[in-house]
Amino acid sequence: MISVSLAPGLPCDHVVAGLLTLPGGEPAGTVQLLVPGGTYGSEYWLTRGDPDRPSYTEAMAEAGYATLAVDRFGAGERSSVPPSGGFRKGTHVHVVSQIASRLRGNGVAGFRFDRVVLVGHSYGSTLARSLAIREPDAVDGLILTGECSKPDEAAFAEFESALCAADQDPRLADRGVDAGYYTTRPGTREEWFYHAPTADPEVIAADERAKAADVYSEDFPLPTENAAIRVPVLIVVGENDRLLCGEGGTDSASSTGFLEQESRWYSPEARLEALIVPDTGHALNLHRTAHLWFSAAREWCDRHVG
């Protein structure tokens, strides 16, 4: 449990829960702070998209990296659920900043780390990117998944119909959320977050059961702001991501073309790399193809962070 405040100058009277995984149970020099996307909690990083292959946290532990998978406000059973009216415009980024600082400062659960890599999914990538823009010294590397500079705006507009007030969802009624929290309507996650041919129906069903409540409180930084990022960046998108790779969005034909699209927004210091994962939807970790990008993330971390 990590105590945090909703904004600078406010008391640390809320908590964020997380699972710290150490490689072989031993300390590590680098920790990956795993930030889930909208309506997702830490389960996103702990779930095996392919039951015969490791989850993200397991794969990174095998590679020698510690991970901290967190439940943002409204997710899990132990993180705080502040009233939605108490969120400031920068609350989510401020919380991620506090956790990253703790990891390199006083430590978490008695462990501190020399280097912090932010790994985000979807809205979590937006938060990670925002922090790297606003506080360039806060992190040592950035892995952004399920987010890019050219989303399919029409798909996002349509996706709004798949959202509802979380207090109207029976699965979340006992979490104490108010009408300012949102979640996905029952049965809509498969349509929007998955590429069915490479997704396990049991994983999709578990995803529906574990969905979280969330509050949008951030402005999305413009691609032009990415020039302020001064650490290595890896961007990963699924070939069949309906929110990003639809008719009006990113051309997912090749990783080379994707890298060209994104490179225009980053400085040379970012040493940008980009990957399109074939046969994969928005929830990359929850497909049987997840190991493809896990391997790429591991190799990228070895080269750029260590």
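User: Hi! What sits over the ring of Trp192?
Analyst: In this predicted model, the charged end of Arg242 does, 3.7 Å from the centre of the Trp192 ring.

User: And which residue lies over the face of Tyr40?
Analyst: That one is Arg189, at 4.4 Å from the ring centre.

User: Nice. Which residues are in the aromatic cluster?
Analyst: Tyr40 and Trp192 both belong to one cluster, together with Tyr44, Trp45, Tyr56, Phe159, Phe193, Trp293 and Phe294.

User: How many aromatic pairs are there?
Analyst: The count comes to 15. Take Tyr56 and Trp293: their ring planes are at 25°, under the 30 degrees cut-off, so the pair is stacked, with centres 5.1 Å apart. Tyr56 is in helix H2 and Trp293 in helix H9, 237 residues apart, so this pair links distant parts of the chain.

User: Is Trp293 buried or exposed?
Analyst: Buried, with a relative accessible area of 0%. Trp293 also makes an edge-to-face pair with Phe294, at 5.5 Å centre to centre and 70° between the planes. Phe294 is buried as well.

User: Which strands pair with S4?
Analyst: S2 pairs with S4 in the antiparallel sense over 5 bridges, with Thr21 opposite Thr67. S3 pairs with S4 in the parallel sense over 4 bridges, and there Val31 stands opposite Ala66.

Technical notes:
Residues are numbered from 1 along each chain as its sequence is written. This is a predicted model: local features need pLDDT of at least 70, side-chain atom pairs count only at pLDDT 80 or more; totals for chains, interfaces and linings use all residues. Side-chain values use heavy atoms; hydrogens and water are left out. Two strands pair if DSSP finds at least two bridges between them. Helices (H or I, at least four residues) and strands (E, at least two) are DSSP runs, numbered from the N terminus. Rings of Phe, Tyr and Trp (its six-membered ring) pair if their centres lie within 6.5 Å; planes under 30 degrees apart count as stacked, over 60 as edge-to-face and the rest as tilted. Buried means under 20% relative accessible area, exposed over 50%, partly exposed in between (1.4 Å probe, protein chains only). A charge sits over a ring if NZ of Lys or CZ of Arg is within 6 Å of the ring centre and within 35 degrees of the ring normal.
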